Number of protein chains: 2
Amino acid sequence: MTVVDAPRARYRQVADELREAIRRGEYRPGDMLPSQPDLARRYGLNQTSINRSIALLRAEGLVRVEHGVGAFVQVVPTVKRTRRVPRPGGGGSSFAEEMRNAGLTPRTQLVSVDTRPAPPAVAERLSIGEDDPVVTRTRHMFASERPVQLATSYIPIAVAGGEDIAHPDVGPTGLYKRLAARGFKVTRFLEEIEARRPDDDEAAFLNLTEAQQVLEVARVAYAGDRAVETVINVFPSQQWRLAYEWPAPGDEQA
Amino acid sequence: MTVVDAPRARYRQVADELREAIRRGEYRPGDMLPSQPDLARRYGLNQTSINRSIALLRAEGLVRVEHGVGAFVQVVPTVKRTRRVPRPGGGGSSFAEEMRNAGLTPRTQLVSVDTRPAPPAVAERLSIGEDDPVVTRTRHMFASERPVQLATSYIPIAVAGGEDIAHPDVGPTGLYKRLAARGFKVTRFLEEIEARRPDDDEAAFLNLTEAQQVLEVARVAYAGDRAVETVINVFPSQQWRLAYEWPAPGDEQA
DNA sequence: TAGTGGTCTAGACCACTGC
DNA sequence: CAGTGGTCTAGACCACTAA
């Protein structure tokens, strides 16, 4: 239903055809695409143009390129993350649970626990001063040994008391119990979702191009009006679907 | 903290410098960047390479290009869309309300109301047969006359009775009242969020490159176990931030 | 018309990988 | 080493917009 009969650029047509060939199963996940010189001959185009076509498919996450090796059809394990509201433990099922529901084997690797000055975005979310110390916990998550998620949580030192609150590695439920025991009973959650380009570290861990995007889900837990914890999750946008579920007003028992 | 001392491509460096110049306010929102031949001279590069740099900035949403006119620094009206749970009317404030909160002037244009066979994705969400008729309503939304959102809602004809349910154009609150009057009292909502590339129509209306992404938020309203309506919202991912807020279990009054 | 951005070429050179 | 992808050039032509 386009108004103008837009002539499609040839490098886009090539991308379309490759996309379609992948969809048809002509190239299967893990397969290597023909080399760029090959494709150039095949489509009567220059390698430069073919390179552009491949770049499109990379940005879509449909193809993964290894420099000096080749371009491979990407396995895209789409995972669904659901927040059911209300629900114990912050409203969400755990990462491990979600993974197993998707038929994948979860693994979480604790990268670091330390106390650091709060980055600006975190300070703002927690309503504390920049560089106020926060207990920081970083995890790398894998689904069947493929990196799929990156999570960092921050708790103001004034709330946490010390790093012990994060040791041994505890899930949200355990953490909120410990916070409650310290007098910070969590009453409310806020999640903000944003799409953005990955920074260098994220791109490296998640194996993304700069052209691809990530979803950042930032959750803040409040005890009354006081923000006591924030968790920042980063997902490759192509591999995830987020879901939120809640009862209609006046129908809270759902 | 990159391990390898990656030599950055020159077209990326140019993009970095332009990005930085925009951040510094050297080019302000709405300003036109220098032409590609200009930039090529300035950076000692070919126009082809400069074009790549601009393409990067486009994909980031930092720059908007008008063919035959120039490249302009994008006004990024980051708009926040919040679902507060529970809350009357489906949990969300209206589009108009959100826009005014962001200091923008909202406008909604009703594009069409008709009865059509359900597209596959819609049929699945509504648990009806493909090609079962659904009352379909499409709206284009503008913020201060810039296109920012596209919404299509679907109601099975068996639920709606007829197209009248969508006339005159009604917001969600009015619609759910009418559905309740027809015996379909909405008790539960589900929203699924997905990042994907825009299709041609979406790209045309929202003025996006194929390299950019949109967020698709698909809401389904349930009356008991029966899906009675679904709305599919499409946003340019750069311009929006989604938020969900809910009380912790045992603290429902928030 | 002149100026803008978009595409494409033919060829070159480089960086990376695996043999 | 040969084969892969990534970048860049110099130049060309096209499409679109505004005057």
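A:R196 is in contact (heavy atoms within 4.5 Å) with A:E202, A:Q213, A:V214, A:E216 and A:V234, leaving aside its neighbours within four places in sequence. A:R196 sits in strand β7 of chain A, residues 188–196. Strands (E, at least two residues) and helices (H or I, at least four) are DSSP runs, numbered from the N terminus. A:A223 is 27 residues from A:R196 in sequence and 29 Å from it in space, C-alpha to C-alpha.

This is a predicted model: local features need pLDDT of at least 70, side-chain atom pairs count only at pLDDT 80 or more, and totals for chains, interfaces and linings use all residues. Residues are numbered from 1 along each chain as its sequence is written, chains are lettered from A and ligands numbered from 1 in the order in which they are written, and side-chain values use heavy atoms, with hydrogens and water left out.

| Domain of chain A | Residues |
|---|---|
| Domain 1 | 10–73 |
| Domain 2 | 79–245 |

The C-alpha centres of these two domains lie 35 Å apart. Five residues of domain 1 are in contact with five residues of domain 2. Together the domains bury about 390 Å², 45% of it on carbon and sulfur atoms. Buried area is the accessible area (1.4 Å probe) that two parts lose on being put together, summed over both. A:R58, A:A59 and A:R64 supply 75% of the area that domain 1 buries against domain 2, more than any other three residues.

Now to chain B and a pocket. The second largest pocket has a volume of about 920 Å³. A pocket is an open set of points on a 1 Å grid where a 1.4 Å probe fits, with protein on both sides within 12 Å along at least five of seven lines; lining residues have an atom within 4 Å of a point. Of its 36 lining residues, B:P119, B:V122, B:T152, B:Y154 and B:I232 are the closest to its centre. Strand β7 of chain B gives the largest share of the lining, five residues. Elements that each supply at least two residues include α5 (120–126) and β9 (226–236) of chain B.

Notes
Points joined across faces, edges and corners; volume = space filled by probe spheres on them. Domains from an automatic or database assignment.
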